[in-house]
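Visitor: I would like to learn how to read helix packing and a few local features. Please take me through one example.

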Amino acid sequence: MRKMKIETEKGHEIVSRILLERIKGSELLPGEKLPSVVDLSQSFGVGRSTIREALSALKAMGWLDIRHGGGTFVSKTLPSGEQHGAGSLFREAESLREILEVRKVLEAGTAELASSRRTEEDLARLEAILDRMAQAAAHNDTAESERADVDFHTAIAAASHNSLLNELMSSLTQRLTETIGRTRELWFYREQATSTRLLDEHRAIYEAIAASDAELSVQRLQEHLSKVDAVLKRHEG
């Protein structure tokens, strides 16, 4: 890859486009492993975070397969036609939106109750999960970051000490795991978000619950989910 310098706040979009052109032009073949983030960063003359955002964007569109600890590969089955065009993105966004709507209703209730019923043990559990998030962000461990994200939201449900709400949230765990991973990819791509920014938002929710502020807990949770909603709206557009 030729050395280049990209100086733009949307540098990840340029990197994504160039890599996509190389995949479509068969310079990068299905199943082929891409250079490391460090090597790509040096080749393109941009920061590692820009490269990660570009890779996440291409993964979100089905062009790349990112394996934790194993590197990044061109997908063996490449997107083609309408199946991966605007139509499929709209249908996927619609499905994610329905799950998000359920989360907004359900998690607003769990956050409100957790703020008044949480115990020191509940807070310790949430703190431990935030520590995991911080470690995952520091090591760019996407899989662990997503697991911690799911665990954080289910821990809030547990802190509500309402067995039915907790059971409902637990029943959604598998769907949460799937959709949180997908929406995080879209968020990173569309909003140039970072793991650190997401960590800060989760910590803000925790602080409101720790302060027993029900109104603030619900507000911060809804603000967090509303940002994901905004990303889905852009996908629909």
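Visitor: Are helix 6 and helix 9 roughly parallel or roughly antiparallel to each other?

Guide: First, the basis. This is a predicted model, where local features need pLDDT of at least 70, side-chain atom pairs count only at pLDDT 80 or more, and totals for chains, interfaces and linings use all residues. Residues are numbered from 1 along each chain as its sequence is written, and side-chain values use heavy atoms, with hydrogens and water left out.

Guide: Now the general idea. Two packed helices are described by the angle between their axes and the distance between the axes. Axes are lines fitted to C-alpha atoms, for helices over the stretch in contact, and angles run from 0 to 180 degrees between N-to-C directions. Here, helix 6 (residues 142–159) and helix 9 (residues 195–210) pack at about 15°, with axes 12 Å apart. The two helices are therefore roughly parallel (angles under 35 degrees; over 145 is roughly antiparallel).

Visitor: Which residues make the contact between helix 6 and helix 9?

Guide: Contact means heavy atoms within 4.5 Å. Helix 6 gives Asp-149, Phe-152, His-153 and Ile-156; helix 9 gives His-202, Ile-205, Tyr-206 and Ile-209. By class, that is 5 nonpolar, 2 polar and 1 charged residues.

Visitor: At what angle do helix 5 and helix 9 cross?

Guide: At roughly 170°, and their axes come within 10 Å. Helix 5 and helix 9 are therefore roughly antiparallel. Contact residues include Leu-126, Leu-130 and Met-133 of helix 5, and Leu-199, His-202 and Tyr-206 of helix 9. The classes are 10 nonpolar, 2 polar and 2 charged.

Visitor: Is Thr-154 buried or exposed?

Guide: Thr-154 sits in helix 6. At 13%, Thr-154 counts as buried. Beyond its neighbours within four places in sequence, Thr-154 touches Asn-166, Met-169, Thr-173 and Leu-176. Now take Gln-135, in helix 5 (residues 120–138). Its relative accessible area is 49%, so Gln-135 is partly exposed. From Gln-135 to Ser-145 is 8.5 Å, C-alpha to C-alpha, across 10 residues of sequence.

Visitor: In what sense do strand 1 and strand 2 pair?

Guide: Strands pair if DSSP finds at least two bridges between them. Strand 1 (residues 64–67) and strand 2 (residues 71–74) are antiparallel, over 4 bridges. Asp-65 has Phe-73 as its bridge partner in strand 2. The two strands form a hairpin with 3 residues between them, and Gly-69 in the turn has a positive phi of about 80°.

Notes
Angles under 35 degrees count as roughly parallel, over 145 as roughly antiparallel, 65 to 115 as roughly perpendicular and the rest as oblique. Ala, Val, Leu, Ile, Met, Phe, Trp, Tyr, Cys and Pro count as nonpolar, Asp, Glu, Lys and Arg as charged, and the others, Gly among them, as polar. Buried means under 20% relative accessible area, exposed over 50%, partly exposed in between (1.4 Å probe, protein chains only).
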